[in-house]
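Student: Can we go through this structure together? I'd like to see how the descriptions follow from the values.

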Amino acid sequence: METAQLDFKRQPSRLGDLIPSMSMTDGGLIVLGINDDRTIHGCALDQRVQDQITRAARDVGVDVQLKQIEVDGVPIVVVAVPEVRERIVTTTDGRLLRRVGSDTTPLVGDALGRFVHERLQAPAEEASLQAFDPAAFDLGLINQALAQEGRPPAEASSVMRALIDLDLAIPQVPPADPKVLLAAPLVFGKEPKAFVQGASVQLIRRVGVGPGAGPTEDREEMSEPIPRLLDRTLAFVTRHTKKYQAVVGSRRIVVPEYPETVLREALLNAFAHRDYGLHGMTVDVTIWDDRIEIRSPGGLPGPITLTNMREEHYSRNRRIMRSLKVLGLVEEFGEGVDRMFDEMEARLMDPPVITASATSVVVTLHNRFVVSVEEQAWLGLLGHMKLTALERRALALARREGSVTKRRLKTVLPSEANIDVVLRGAVAKGLLVRAGQAGGARYELSDEVVMRAGATGVEAQTRKRQMLLDEVRRRGSLSTAEGAQLLDEDPAIVRHLLNDLVSAAELVARGQTRARRYFPA
């Protein structure tokens, strides 16, 4: 499978775009002698092949390495392309290219200007500390990172050696001392603000939803190494947001107001990708009644735009990101934004809203969702299944009402949704099963879904029908609106439940539309 760092070619042709694009991304490998269908064709590193490769690399000023290996006795050639930083590599006709997935893509407009500016300027994390004091570093965190890399623990006297091993300090020609980079105290310093003015987070809980600042309920400022800053910021958010209790079958599940995975990714992005060269500016986290806003200093980095951020990745602070990956806080570079959108969709919440200016990036998370918290918890039990947002809503409805029909889904899903596609997809994935034919077809939860997550929604519907029946008998009659108020439920659902009781000969309906009332049979 081709990626941003791996490409297959049958012959050493058309390397004039591939070599510069890889050098301007993360570097990578070009494997020669592989057909488009990924079968082995073979390519020997003879003089002709070597000349073609070195000429393509020399024309764009990139030093590549070549090696011939054999696969099942067939020779292929591997070309290692280095990442090039602090200068720009273009094609021979002047285009600046980058790898996005397996594609080679040109940079244009504002993204091109920002990329060139950042590539030619060393980021703030590369600056060297004026003085080095081992006591200023968190030895526990450093040893945690060393352990992840299989290295022996450091002592206070060997902190410098540990920072060199972690790529946060650079050895110099003796007798000069090693150069400790600014990234080191940002990740491992006990108080990063002592090294970078503004290397902290401002946490605010405001009452209301704005506009305007609104009354402040709580405020805190923290300056700690990024891993501890993340934990303390999450703790502050947890104190000032809701936690819901949901009972699914025999399980009691705690559902936070905002998915913790999304909060972690948004905060890590703010701490790791911010521009530390903007002295005095802090990361600001503001909690409102209806949303959380996370503001990070600095505009979008390099080639990143609001439209490509889910496909493209670029690290303004590469050393910081590497350290966070070593510590297990970052899984794969470039996947954080996707994970945020996927997790919000899994809870059927509004997607993150990301805005950017020349001086800041703001991520806004709203606490709106389209199904109940209990249904969110139930859907969470199906997390292993690849579900679309529309399929999740269809499943929640089928659980709530016992089954769904095309007509019922049209009243619930967005008008632009293709109901047939949703139902076909849910059936093909084994989520729903069809009962009945043509116009009378209904769709019920599959046995696999019931087995994995239960079908307590059906039991809940039975309880709700009984509550409605008891209320009709107590009052003598009941309208849909009165039933909706009794159950705190959508009137369309209550009407469906009342009509079920009519079909079961438990109730009798009299009157039309809004004037209809239900009486004991």
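This is a predicted model: local features need pLDDT of at least 70, side-chain atom pairs count only at pLDDT 80 or more; totals for chains, interfaces and linings use all residues.

Student: What makes H17 and H18 roughly perpendicular to each other?

Tutor: Helix H17 (residues 480-487) and helix H18 (residues 491-503) pack at an angle of about 110°. Angles of 65 to 115 degrees count as roughly perpendicular, so H17 and H18 get that description. Their axes are 9 Å apart.

Student: Which residues in H17 and H18 meet?

Tutor: From H17, you have Thr480, Gly483, Ala484 and Leu487. Their partners in H18 are Pro491, Val494, Arg495, Leu497 and Leu498. The residues of this contact divide into six nonpolar, two polar and one charged. Gly counts as polar here.

Student: How do you know that the span of helix H7 agrees with its number of residues?

Tutor: Helix H7 (residues 226-239) has 14 residues, so at 1.5 Å a residue it should span 20 Å. The expected span uses one less than the number of residues. The end C-alpha atoms of H7 are 20 Å apart, which agrees.

Student: What does "buried" mean, and which residues of H7 are buried?

Tutor: Buried means under 20% relative accessible area. In H7, the buried residues include Ile226, Leu230, Phe236 and Val237. Across the protein chain, buried residues make up 47% of the 521 residues.

Methods. Residues are numbered from 1 along each chain as its sequence is written. Side-chain values use heavy atoms; hydrogens and water are left out. Axes are lines fitted to C-alpha atoms, for helices over the stretch in contact, and angles run from 0 to 180 degrees between N-to-C directions. Helices (H or I, at least four residues) and strands (E, at least two) are DSSP runs, numbered from the N terminus. Angles under 35 degrees count as roughly parallel, over 145 as roughly antiparallel, 65 to 115 as roughly perpendicular and the rest as oblique. Contact means heavy atoms within 4.5 Å. Buried means under 20% relative accessible area, exposed over 50%, partly exposed in between (1.4 Å probe, protein chains only).
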